[in-house]
Amino acid sequence: MEWLIWLGALVSALGLGGLFWSIAKVWRARRAGLSDEALREVVRKAVPLNMGALMLSVLGLMMVIIGIFLG
């Protein structure tokens with residue numbers, strides 16, 4: 001089950017990368033000095049990306065834990 005551990009680590013790393021990308025996207029929008037309405041739109045579009053990346057990261061960590069238990 002070593003392959004499950006490495007695959008889970010890869011999936012979790014992809015999720016973590018998505019989280020950082022989402023944070024950077026909103027941070028760039030804040031630093032650009034957008035209006036309140038435009039900033040809300042950027043944040044509204046970033047929320048699904050953030051939640052999806054978080055879910056991907058959690059699934060990857062679950063795969064790692066299952067791989068450890070089965071290995």
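Predicted model: local features only at pLDDT ≥ 70, side-chain atom pairs only at ≥ 80, totals over all residues.
1. L59 belongs to helix α2, which covers residues 36-70. In sequence, L59 is 48 residues from V11, yet their C-alpha atoms are 7.5 Å apart in space. V11 is one of the buried residues of α1.

2. Helix α1 takes in residues 2-31 and packs with α2 at an angle of about 165°, the two axes lying 7 Å apart. Angles over 145 degrees count as roughly antiparallel, so α1 is roughly antiparallel to α2. The crossing of the two helices, α1 and α2, is left-handed. In the contact of α1 with α2, 24 residues are nonpolar, nine are polar and two are charged.

3. On the buried residues of α1: these are L4, G8, V11, S12, G15, G18, L19, S22 and A29. The buried residues of α1 pack against α2.

4. The length of α1 can be checked against its residue count. With 30 residues at 1.5 Å a residue, α1 should span 44 Å, and its end C-alpha atoms are 43 Å apart, so the two values agree.

Technical notes:
Residues numbered from 1 in each chain as written. Heavy atoms only, no water. Helix = DSSP H or I, 4+ residues; strand = E, 2+ residues; numbered from the N terminus. Axes fitted to C-alpha atoms, helices over the stretch in contact; angles between N-to-C directions. Parallel < 35°, antiparallel > 145°, perpendicular 65-115°, else oblique. Left-handed = near helix turned anticlockwise from the far one by under 90°. Nonpolar A, V, L, I, M, F, W, Y, C, P; charged D, E, K, R; others polar. Expected span 1.5 Å × (residues − 1). Buried < 20%, exposed > 50% of the residue type's maximum accessible area, 1.4 Å probe, protein only. Contact = heavy atoms within 4.5 Å.
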